[in-house]
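Have the viewer ready and follow along.

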Amino acid sequence: MEDVTLDGELVRGLLKEQHPDLAGLELELVDGGWDNRMWRLGEDLAVRLPRTPRASSLLRKEHRWLPLLAPRLPLPVPVPVRVGEPTARFPDTWSVAAWVPGGPGDRSPITRGPHAAGALAGFLSALHRRAPDDAPLGPDRGVPLEHLAEAAERGLDAMDPGGGTDRLRRVWDDALAAPAWDRPPVWIHGDLHPANTVIADGTLAGVIDFGDMCAGDPATDLSAAWLLLPAGADAASFSAYARADPATVRRARGWALLRALDLIAIGRAGDRGLPGGKPTWRPAGEAALSRLPAGPGTGGS
């Protein structure tokens, strides 16, 4: 896709070719996104075009599974409504999906912590059902934490020692020592960090970007209690979720650490103006690390 310019003219042309009934709707570029570039289409739709090598396969996964999961989810999600097929104009699968109104979570803070804690618990309770045998598996989502030990070490080594590295290593060591998930794999979102949520009226109002959805350990998603919620709201969310045993909470803290380190690294790249960097992700990651308790427990800071 190096020779293809991802702009509004391309999107309009693709719509005219494959979905002409939508081609006349207003088109507005939306800032953000990692694997895809996105435009709002009219009032109720969004167009997503892949811009990384893996993005097209992630969109196809969403087309396959998200319409089946969405009816049981209590928050709005970007259900695909049209598929764009590869052509000479654009050689990858692309997507038209439902628009989820609100502001991105990395730029729109949650101010109604108790409400958001309940909304997050309700969403994850509905999502975390046993996955079918043919559900996709993730190479680095929903897997045992020991598979990601090297990534954790790289992230911790990159941290400023003044940022509480010893405390963070205790978080990681405790998560690694927790018993592994030994029940049937459940559906997980797989990438539930602030930029993949939508905030409205100070609370969690939608979840987006299901490209990493897969079957696995729910602790991967339960990390959102620290990634998304204000300090002190994690305990209320775990209480409302009501299905996380102490070992799962310990693993969730490890996942929160991993995701926060990733957010910080991508944010720092954005601060330096590097391709793919997202300056707003660093503060979100640093805030998440500050909320992580170091010791074992069943939730709460």
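By class, which residues make up the lining of the largest cavity: nonpolar, polar or charged? The lining has seven nonpolar residues, one polar and no charged ones. In this sorting Ala, Val, Leu, Ile, Met, Phe, Trp, Tyr, Cys and Pro count as nonpolar, Asp, Glu, Lys and Arg as charged, and the others, Gly among them, as polar.

Before going on, note that this is a predicted model, where local features need pLDDT of at least 70 and side-chain atom pairs count only at pLDDT 80 or more, while totals for chains, interfaces and linings use all residues. Residues are numbered from 1 along each chain as its sequence is written, and side-chain values use heavy atoms, with hydrogens and water left out.

Back to the gap. A cavity here is a set of points, on a 1 Å grid over the protein atoms alone, where a 1.4 Å probe fits but cannot get out, and its lining residues have an atom within 4 Å of a point. Points are joined across faces, edges and corners, and the volume is the space filled by probe spheres set on them. The count comes to one cavity of 30 Å³ or more, and the largest has a volume of about 40 Å³. Its lining is Leu 120, Ala 121, Leu 124, Leu 222, Ala 225, Ser 237, Phe 238 and Tyr 241. Two elements, α3 (113-127) and α8 (234-241), each give two or more residues to that lining. Helices are DSSP runs (H or I, at least four residues), numbered from the N terminus.

Now look at how α3 and α8 meet. Their axes come within 8 Å and cross at roughly 35°; axes are lines fitted to C-alpha atoms over the stretch in contact, with angles from 0 to 180 degrees between N-to-C directions. From α3, the contact (heavy atoms within 4.5 Å) uses Ala 117, Leu 120, Ala 121, Leu 124 and Ser 125, and from α8 Ala 236, Ser 237, Ala 240 and Tyr 241. Those divide into seven nonpolar, two polar and no charged.

Next, find α4 (residues 149-157), which packs against α9 (residues 246-271) at about 55°, axes 10 Å apart. Ala 152, Gly 155 and Leu 156 of α4 meet Leu 257, Leu 258 and Leu 261 of α9.

The other partner to check is α5 (residues 165-177): the axes of α4 and α5 come within 11 Å and cross at roughly 170°. That makes the pair roughly antiparallel, a label for angles over 145 degrees. This contact has five nonpolar, one polar and three charged residues.

Methods. 1 Å grid on protein atoms, 1.4 Å probe; cavity = no way out; pocket = protein on both sides within 12 Å on 5 of 7 lines; lining within 4 Å. Parallel < 35°, antiparallel > 145°, perpendicular 65-115°, else oblique.
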